Amino acid sequence: MADEGDLYTDYDYDIGPAQRPTDNASESAQLRPAHSAIPGPVTQSATTSATACDVRPMTSTSGAGFTTKPSIQKTRIFDPLGQCRMPAGSGQHSRESAEERANKLERQVHALLEASAVASHRFHNEHALDNAKEAARHERALCKHREANGLADQINVDLTYAVCFSLAHGYHQAQQHDAALHTYSLLVRNKQYPHSGHLRVNMGNIYFEQESYTSAIKMYRMALDQIPNTGKYMRFKIMRNIGDAFVRLGQFSDAVQSYETIMGGDADTHTGFNLLLCYYALGDTEKLRRGFHKLITIPLQPNCNGIIQHDAHEATQISDDCAWDCLQPRAYSGSSAEIGNGAGLNRESLQRERLACTYKLTAARLVAPQLPAPNDNTFGFKLIIDALKPGHEPLASKMELERALQCLRQKEFHKAIDFLKAFEQKDKELKATAATNLSFIYFLEGNLPAAEKYADLAYEQDRYNARALVNKGNCLTVKDDLRTAKQFYLEAIGVEADCIEAIYNLGLINRRLQLWNEALQAFEKVHQTVPGNAEVIYHIAALYEARGDLAAALKWYNILVSRLPSDPGILLKLGQVCSRIEDEFQAFHFHLEAYRHYPVALDVISWLGVWYVKSEMYEKAIKFFQRASQIQPCEVKWQLMVTSCYRRMGNYHHSLRLYQCIHATYPDNAECLRYLVAICKDLGQPCDNYRAKLLKIDSGTLILEAGAHMPGIQDCEEKLPSKNPKDLVSLQPPVLEAASISDGRSSDGFCGLDFETADVGTLLPG
């Protein structure tokens, strides 16, 4: 029994493939690859056992791990499965480890592809391209790993296709068109991808963006040849892209063929609208009318689930902002619950329905003016309205408003008023719109009570109607209720922050109230919105001038004159500002430019004449004063200035003759008589006659001045008309600065000098 209890005494626990003897060395070498995939210790006993047994006896038990005598040199290690004896990299475990590594790399590639798609959907183009490049690197590493470990039959061709497509799409979104075309070309030429021909549509889209429309058409047609007839939806989308490219090339007849094919197979509002534009470009009125009737009969077709079909393809759409191109993809940020209950799809269907209505309304506005009757410009509008009423009542109402606006453009105000008054029985929105237009018309006609009435009506119907608020403010401005008008303009800006009319009018009100800072703030805001408007720039410059900031005013006037280099009013303003900052040479330059563009402005002529006199260039000054005398032949001051220039030149005889001519025309002019007396004395000629007339005029003037303080004489003079109206000072209303840019026609005054009453000698250097 003792022997039976020690049954496993001589059992060798170090069992492994390395202990099994082989007949030759080559077979054992095949069991041990060069590189180990699973690390593990190799014991010394295994090596000893392998070298000790050269020939296996038939009665030997060493193959099963038994020996007759235990070896003293062996170290007993409990390893019943022989894991320590198994050579690294041999057996089933190394093959499973390579597959696990490949699966891990493949999961990384999928994660990068999903990250790239999400970033592209959110329009993070650079991040999407980086993820696509990283996915391409990981996919190449995966393929090399499988080839190195004998797993080439497990290479995923579809994954390679997805990675290359994502990379090409990333290049396209990042505007790297050459790299995108190169990547797409590699996919198209590879015969392993049977559906790669569809990618030629994307290549055509890239050529379209590069404005290489001929190459785009070629790619679209090649893609069309590779798509079977069963893909009718995709074929029609590609044909629409071909039509768009023909439109960009100006080949409207070829575009019409593509669009008509689509309308005959699967009509949609986008294609119908483009076809209508082609008919308009070709000038075919009859086809234009038929095309419009076809367009308004196109319904939004729901699919089998009751959801409105999407009108744009995802991978083949042409992205552009004009009417020819497909709908832009929009990122949806709704919750998953909202998507699950269909709220997102309902919102999308409503957006597409509104877009279809926009196409139809735009088409109606385009077609209606092209169908006029011989004696009625609104006949085409009547046809379009009758066509829209059965199924598109809101669009028909809007076209009735368009008909009224067309009458306004043709200056047929009575017809426009009649059409707009018909909306008084319509719904609230249309009634408010019509009342706003009526208020605008009556305001232009000067019928202030009617304009205010309809402005109040529009305001009552819709308190958030910015245009109605502006009309109400305009009526109050005309009535000089500036404070209340300002409140209406502010309310209009609160309703619609970018209402240019309200902001501009607010600036005018603040300027009239002399609130320079608030007016400047309003006009600068308008300038940011409409940077090229000359009137806004003029108001900004005028406000800086009113505040006394002449440097800023000069800057803005220079900006304005760069936009309107031939406006004499702006050139005059620049000259006046330069004169105020004592820059005489620049002032002379701008006044001379103003005279060159508008040579009949008396303020410019007088300034130039006086400047030449101050510079002692009397010959040139005489030319300007003679021009002023030609413009105002009944004004004696210009003739006196011409004569004074000759007197300053020392030509006394010629000046005497001119004074005598002036005296013959204006015998009661005291200034002329004074110079006649002085010149006659200098020349030694008799002047008693002139002196007597001068004394008589001076004594009459003294009597009138003394009578002004006597009530009796004053009452008598009020009943008698003046015999010399030129001697009376007429009361003129103050000249207000215009709210818009002047055209160079300004008042006769010059820089505050009154030529009527001032001595001519004070204007000229002595």
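Analyst: What follows is a short walk through several features of this model, which is a predicted one.

User: Let us begin with helix packing; how do the axes of helix H6 and helix H7 lie relative to each other?

Analyst: The axes of H6, which covers residues 157-173, and H7, which covers residues 177-189, come within 7 Å and cross at roughly 160°. Because angles over 145 degrees count as roughly antiparallel, H6 is roughly antiparallel to H7. The crossing in which H6 passes H7 is left-handed.

User: Which residues of H6 and H7 make the contact, and how do they divide by class?

Analyst: On the H6 side the contact is made by Tyr161, Cys164, Phe165, Ala168, His169, Tyr171 and His172, and on the H7 side by His177, Ala179, Ala180, Thr183, Tyr184 and Leu187. In this contact of H6 with H7, nine residues are nonpolar and four are polar, while no charged residue takes part.

User: How would the reading go for helix H11 and helix H12?

Analyst: Here the axes of H11 (residues 252-265) and H12 (residues 269-282) come within 9 Å and cross at roughly 150°, and H11 and H12 are therefore roughly antiparallel to each other. The crossing of H11 and H12 is left-handed. From H11, the residues Phe252, Ser253, Ala255, Val256, Tyr259, Glu260, Ile262 and Met263 meet Thr271, Gly272, Asn274, Leu275, Cys278, Tyr279, Ala281 and Leu282 of H12. Sorted by class, this contact of H11 with H12 has 11 nonpolar, four polar and one charged residues.

User: What should I look at in an aromatic pair, and how many such pairs does a search of the whole structure find?

Analyst: In general, a pair of aromatic rings is described by how far apart the centres are and by the angle of the planes. In the whole structure the search finds 13 aromatic pairs. One of them joins Tyr612 and Phe624, with 5.5 Å from centre to centre and 20° between the planes, and this pair is stacked. Tyr612 belongs to helix H29 (residues 602-614) and Phe624 to helix H30 (residues 618-631), so the pair ties together parts that are 12 residues apart in sequence.

User: Is Ser116 buried or exposed, and which residues does Ser116 touch?

Analyst: Ser116, which lies in helix H4 (residues 92-121), counts as buried because its relative accessibility is 5%. Leaving aside residues up to four places away in sequence, Ser116 touches Ala128, Asn131, Ala132 and Ser166.

Methods. Residues are numbered from 1 along each chain as its sequence is written. This is a predicted model: local features need pLDDT of at least 70, side-chain atom pairs count only at pLDDT 80 or more; totals for chains, interfaces and linings use all residues. Side-chain values use heavy atoms; hydrogens and water are left out. Axes are lines fitted to C-alpha atoms, for helices over the stretch in contact, and angles run from 0 to 180 degrees between N-to-C directions. Helices (H or I, at least four residues) and strands (E, at least two) are DSSP runs, numbered from the N terminus. Angles under 35 degrees count as roughly parallel, over 145 as roughly antiparallel, 65 to 115 as roughly perpendicular and the rest as oblique. A crossing is left-handed if the near helix is turned anticlockwise from the far one by less than a right angle, and right-handed if clockwise. Contact means heavy atoms within 4.5 Å. Ala, Val, Leu, Ile, Met, Phe, Trp, Tyr, Cys and Pro count as nonpolar, Asp, Glu, Lys and Arg as charged, and the others, Gly among them, as polar. Buried means under 20% relative accessible area, exposed over 50%, partly exposed in between (1.4 Å probe, protein chains only). Rings of Phe, Tyr and Trp (its six-membered ring) pair if their centres lie within 6.5 Å; planes under 30 degrees apart count as stacked, over 60 as edge-to-face and the rest as tilted.
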